[in-house]
Amino acid sequence: IAPNYVGDIQESTFRDCYNLVNLDIRSVTSLASGSFHSANLEGVDLYLPKLRTWYYGCFANTNIRKITNLGSVVNFGSNVSAANAMFAGCKKLEYANLPSTLEIINNNVFNGCESLEVVILDKAEPPTLGTGVFTGTPSTMSIYVPDESVESYKSATNWSAYADRIKPLSEYVEPTNE
């Protein structure tokens, strides 16, 4: 699918589309609840540079492997509870680079992402972190934040539970393609 002229994708539009394996939707600015819930999306790198709004479970239970650009999203949804479980159950998700505009990471966003190894946050001030965000992720997962913000993240509400995973961004080494 490559609708580069689409701005909004409505609720459950591609839900359970098991044959949907490729996706190019860089013009999208808004994703409604469950837009791609349980779609295959095998090997898709999520690149949504114009995205501003999204809601509950848009990509839950998909096979996305990498999140590289989520536009200027401030919140995973329009209110604190709207975007719970955004990527929950994405068992193949390995890498997530979250935008510096992000102010709230809601409940269970990465719950059950059993392959998630790297989360990068470029935001100096820790975004508000909901509960269960990293439940079911590997204990080896690393959360990279700006060097000067490491201690702020480690002591922030709900972030402190992941203090042993929080590392300075300067320590992150991009994997080589072998």
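This is a predicted model: local features need pLDDT of at least 70, side-chain atom pairs count only at pLDDT 80 or more; totals for chains, interfaces and linings use all residues.
Let me begin with the largest nonpolar core, which has 39 residues, and in which F87, F110, F134, I143 and W159 touch the most other members. By a nonpolar core I mean a set of buried Ala, Val, Leu, Ile, Met, Phe, Trp, Tyr and Cys residues joined through side-chain atoms within 4.5 Å, and buried means under 20% relative accessible area, with exposed over 50% and partly exposed in between, using a 1.4 Å probe and protein chains only. Apart from it lies another core, of 5 residues, among them Y95, I120, Y144 and Y172.

Residues are numbered from 1 along each chain as its sequence is written, and side-chain values use heavy atoms, with hydrogens and water left out.

Now to the protein as a whole, which has 1 helix and 11 strands; helices (H or I, at least four residues) and strands (E, at least two) are DSSP runs, numbered from the N terminus. In order from the N terminus, the elements run β-β-β-β-β-β-β-β-β-β-α-β, and of the 178 residues, 51% are buried.

Strand β5, residues 66–69, runs parallel to β6 and is joined to it by 2 bridges, with A96 as the bridge partner of I67; two strands pair if DSSP finds at least two bridges between them. On β6 we also find parallel pairing with β8, residues 118–121, over 4 bridges, and here V119 is the bridge partner of A96. In β8 itself, V118 and I120 on one side and V119 and L121 on the other are all buried. Strand β8 pairs in turn with β10, residues 142–145, in the parallel sense over 3 bridges, where S142 is the bridge partner of V118. At 6% relative accessibility, S142 counts as buried.

What does W159 touch, not counting residues up to four places away in sequence? Its contacts, meaning heavy atoms within 4.5 Å, are I105, L121, P126, P127, L129, F134, I143, Y153, K154 and I166.

Finally, the aromatic rings: rings of Phe, Tyr and Trp (its six-membered ring) pair if their centres lie within 6.5 Å, and planes under 30 degrees apart count as stacked, over 60 as edge-to-face and the rest as tilted. By this rule the count comes to 7 aromatic pairs. The rings of F134 and Y162 have centres 5.0 Å apart and planes at 80 degrees, so this pair is edge-to-face. Because F134 lies in the loop between β9 (128–129) and β10, and Y162 in the loop between α1 and β11 (166–168), the pair ties together parts that are 28 residues apart in sequence. Another edge-to-face pair is Y153 with W159, at 5.1 Å centre to centre and 75 degrees between the planes. Ring pairs link F87, F110, F134, Y153, W159 and Y162 into a cluster.
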